[in-house]
Amino acid sequence: MFTDDYKREAVELAVSSGRSIGTVAKELGLRVSVLRRWVDKLRQEPASTAWRPTTQATPMSADQASEITRLRQESETLCMERDILKNCPASWRACAG
C-alpha cells in the first residue's frame, strides 16, 4: 500500500524530528504500530536496499507532513464520492451534474 520512498520519508521524519513516533504517526495518519515497525526494520537492516536513500533527502517538515495527511484525507473522500456516484442510477447522475 505504501511505497518504499514514503516509508523511508516517514521513518526519517520520526527519527530526525525529535518528536515521538506516536506524534509523527498521528500527523501522517498512520497507526503507531505501523510506523514503529518501519523504524524497527530500518534499525535492524540499515544496509537494506529497500531503505537505502537514493538521494541526500532532507527530513520532511511538520508542514509537509500535515499537507500529506490533508491530501490523503481529501483523496479518500474523493474516492468515496466517486464510488457512490458509480453505484447510483444513471438518472440520478444526470441530475447531479
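Okay, let's start with a definition: the expected span of a helix is 1.5 Å times one less than its number of residues. And when I say helix, I mean a DSSP run of H or I with at least four residues, numbered from the N terminus, while strands are E runs of at least two.

Before we use that, some housekeeping. This is a predicted model, where local features need pLDDT of at least 70, side-chain atom pairs count only at pLDDT 80 or more, and totals for chains, interfaces and linings use all residues. Residues are numbered from 1 along each chain as its sequence is written, and side-chain values use heavy atoms, leaving out hydrogens and water.

So, helix α1, residues 4-16. How far apart are its end C-alpha atoms? They're 18 Å apart, which agrees with the 18 Å that 13 residues should span.

Now, what's buried there? By buried I mean under 20% relative accessible area; exposed is over 50%, and partly exposed is in between, using a 1.4 Å probe and protein chains only. In α1 the buried residues are Tyr6, Arg8, Ala10, Val11, Leu13 and Ala14. Their cover includes α2 (21-28), α3 (32-44) and α4 (62-87). After α1 comes glycine 18, with a positive phi near 85°.

On to α2. Its buried residues are Ile21, Val24, Ala25 and Leu28. Looking down the axis of α2, these fall within an arc of 100°, so they line one face of the helix; the arc is taken from the directions from the helix axis to the C-beta atoms. They pack against α1, α3 and α4, where contact means heavy atoms within 4.5 Å. Just after α2, glycine 29 also has a positive phi, about 75°.

Let's zoom in on valine 24, which sits in α2. Its relative accessible area is 0%. Leaving aside residues up to four places away in sequence, valine 24 touches Ala10, Leu13, Ala14, Ser17, Arg19 and Leu35. Valine 24 and leucine 35 are eleven residues apart in sequence, and 8.4 Å apart C-alpha to C-alpha.

Last bit: the core. A nonpolar core is a set of buried Ala, Val, Leu, Ile, Met, Phe, Trp, Tyr and Cys residues joined through side-chain atoms within 4.5 Å. The largest one here has 16 residues, and Leu28, Leu35 and Trp38 touch the most other members. α1, α2 and α3 each give at least two residues to this core, and the largest share, five residues, comes from α1.
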